[in-house]
Amino acid sequence: MTQLIIISIYLALLLGLGFFSSKLFRGTSKDYMLASHSIGPFMLLMSLFGTTMTAFALVGSTGESFKEGAGVYGLLASSSGIIHSLCFFVLGVKLWSLGKKHGYTTQIQFFRDRLESDRIGILLFPILVGLIIPYLLIGVMASGTVINSITEGAFTTAFAEYDYGVPPWMASLVICLVVLTYVFFGGMRGTAIANTAQTIVFMILGLITFVIISDKLGGLEESTNKVLAKNPSKMMRSIDPADIDSYADSYKKWIVLAQYEYAKAHKGLALEPADEKAAIAAFPVAGPAGYLKKTRGPAVFAKKTGMLNNLSILDQNLALLIQDNRYEMPNDSIVLGKAAVDERISDSSIMEHHEIMTFPRLSGSDAKGLAIFGDFVGNPNEKLASGRNKWTRKKAKGVFRATNWAPEPPHGMDPWKFLTYFFVPLSVGMFPHLFQHWLTAKSADSFKLAVVAHPIFIMIVWVPCVLLGVWMTSATDPISGAPIIAAHFPPNAVLPAAVKALTGPLMAGLLTAGILAAIMSSLDSQFLCVGTMFTTDIVSHYAGKDRFTDKQLITIARVFIVLIVALTYLFSLFEPRRVFTLGVWCFSGFSSLFPLILASLYWKRLTKFGAYAAILAAAGSWIYMFADANYAANANYTVFGVMPVATMITLTTIAMIVVSLITPLPSKETLQKFFPAEE
Amino acid sequence: MNKRCGKCIIIGLVCLLIVLHHDIWNWDNKEPIFGFMPVALAWQAGISISASLVWYLATRIAWPTFEDDEPTSGMTSEDA
């Protein structure tokens, strides 16, 4: 309950900040959308940094390094330090100058003017808003996960199906409402003030989290030594031989379990009670609640005594798929045999693990976990007969996965994939909310601090998160010796689970406020931006500048924001994806449009037809690849071995250059306007 | 130093950073630096610090000027 009270106080303070910033609001739409070009260097740095660092940076980076190891920092953080500042320097300053000179508020206004095309806005508007929605989704989803994880046990009887914590759907809804409220009251100025305050909060609390957790784990060196001993591959980007041996051994044992469970369920195998009892007693490892002894002991006995020898190759393959929750035996398989099962399942050779992994996991495995461990599940503040705390539903699901699913094969980082990740941060050049933030600057010099400090700020936030993710792969409870975070744990929940397990309620509440600060400092800019784009690029543009008063325009912006947030919220209620994976897809979409913004500023030969070709190539390739990757469900999707973004940018660039070269140049007036020194 | 020369230096340094970022020579190294920091992380953190230095240099030798630019020094009233 302490955590819930602290989170509530923090959200109330944020609302107070919104009311305070509303006092500074000048009442004009220009002030609402651009803070009247009055933001100085420090606030520009904090709002640009707070906006770009979202759930992706904290929740996503910790979860991803838990899965992929220390190389995750190089994938996006260090490259972002170079590329983000490059975008501020090469694009931001120039766009600020043009925006101030010609009165732009949105990207689409600039593109319409530069390309002499009204319809480019019609094409770009749905694409930009469509790409912002998954970006919003990252924050909305992560806030629900974080608050639910950290408030487990806060209620005595309510929300049992959410581990007696705040349900994720309710937490996400509250966060959306809080951000909507302060954006509505304060506009861009309120957003910049809230961003600055929240960026300070999440940076300070993040560092405190890191110090406390590393201390609880036994110190920096001890935490790293555990990783070196248990999961050395997480320390580098290739596979350590020790991990290969350990995986091969675990996989072999898992095959025995899979075959035994299959033979029991489908071939009528049953051990004599005395044999089963002896087998359980003989099994050397005490797992969760003796579960490993009960399942693996009899499996080892059955294997040793030849009871599994009569399984056909098809049976053995089915056993692996069913045990890993990737296949369910068809009802008519007894009658039809091979004809009833999926044709991809071989009956002539034992399938390799990578072949097994091509079958997506089925839903329903969590229900199995809850059925098996149901007696242990309850309010985590209550005690079991053994004296230990009751399990959460998440723990029951996690233990089921860790003890039943196949061990994860160790994998390194592909150098080509690593190299082509460099294209992902280019998205910053096309983020509509950053364009809007750039235009708030008081002067070009205001950008200097942001350009210089951004890489260091990224380092301050990402290094502790990545270290924490790596350490959590091998951290164990000092008393029970059990892993703090089990294998197959949902990556999005690693950070809140670590915070909850290793800090007290007061610190957990404060640190959660820090995580939420990072999430909300991005959501606010994105909310404001979609409203600004709708009123400026659609409503005012087509209805005429004087059709609506400033007050009416602000109201229209607010209504559109609510619609988009409601849509995003609905999406968040569906099956969650990995925050990191979803983020990379969203950023890839924006990155694929990077050639367009760069060319529009530095290449006179760019024509409107070239721009249309670029946008269509970017949108077409993104939609095709996103669908091909099973809508982000395939986290390791690549095209020709490289990141999809590399292919998207290549296609966009080729389409833009080829079509521009064969179509007529923009008018002399336009070229004079945008390239005065060269005309 | 004129601005064109400054820009060339910055372009060169950014290209160098991009090359150094792809530290293939650290791929197999699991030994920690300072007893706790994975090399893969420490090297890339160094890239972040270097990037900051390069961008500082960029603001000194390659910063663009605009006709209507209002130079600022330190925090404005809005920053307070």
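Which residue counts as partly exposed at 27% relative accessibility? That residue is A:Lys448, where partly exposed lies between buried, under 20% relative accessible area, and exposed, over 50% (1.4 Å probe, protein chains only).

## About the model

This is a predicted model, in which local features need pLDDT of at least 70 and side-chain atom pairs count only at pLDDT 80 or more, while totals for chains, interfaces and linings use all residues. Residues are numbered from 1 along each chain as its sequence is written, chains are lettered from A and ligands numbered from 1 in the order in which they are written, and side-chain values use heavy atoms, with hydrogens and water left out.

## Where the chains meet

In chain A, 56 residues are in contact with 45 residues of chain B, contact meaning heavy atoms within 4.5 Å. Between them the two chains bury about 4,500 Å², with 69% of it on carbon and sulfur atoms; buried area is the accessible area (1.4 Å probe) that two parts lose on being put together, summed over both. On the side of chain A, the residues that lose the most area to chain B are A:Ile82, A:Phe89 and A:Arg237, together 15% of what that side buries.

Two salt bridges are counted between chain A and chain B, a salt bridge being a side-chain nitrogen of Lys or Arg within 4 Å of a carboxyl oxygen of Asp or Glu. B:Lys30 forms a salt bridge with A:Asp240, and the closest N and O atoms are 2.7 Å apart.

## Chain B

Chain B has two helices and two strands, arranged along the sequence in the pattern α-β-β-α; helices (H or I, at least four residues) and strands (E, at least two) are DSSP runs, numbered from the N terminus. Of its 80 residues, 41% count as buried. Among the contacts in chain B with a separation of 6 or more, 64% come from residues 24 or more positions apart.

## Salt bridges within chain A

Over all chains the count comes to 14 salt bridges. One of them joins the side chains of A:Asp324 and A:Arg326, at 2.7 Å from N to O, and both of these residues are buried. Another links A:Glu382 and A:Lys390 at 3.2 Å; here A:Glu382 is partly exposed at 33% relative accessibility, and A:Lys390 is partly exposed at 24%.

A:Lys448, the residue of the opening question, meets A:Asp445 in a salt bridge of 3.7 Å, N to O, and A:Asp445 is buried, with a relative accessible area of 17%. Elsewhere, salt bridges that share partners join A:Glu152, A:Asp163 and A:Lys394 into one network.
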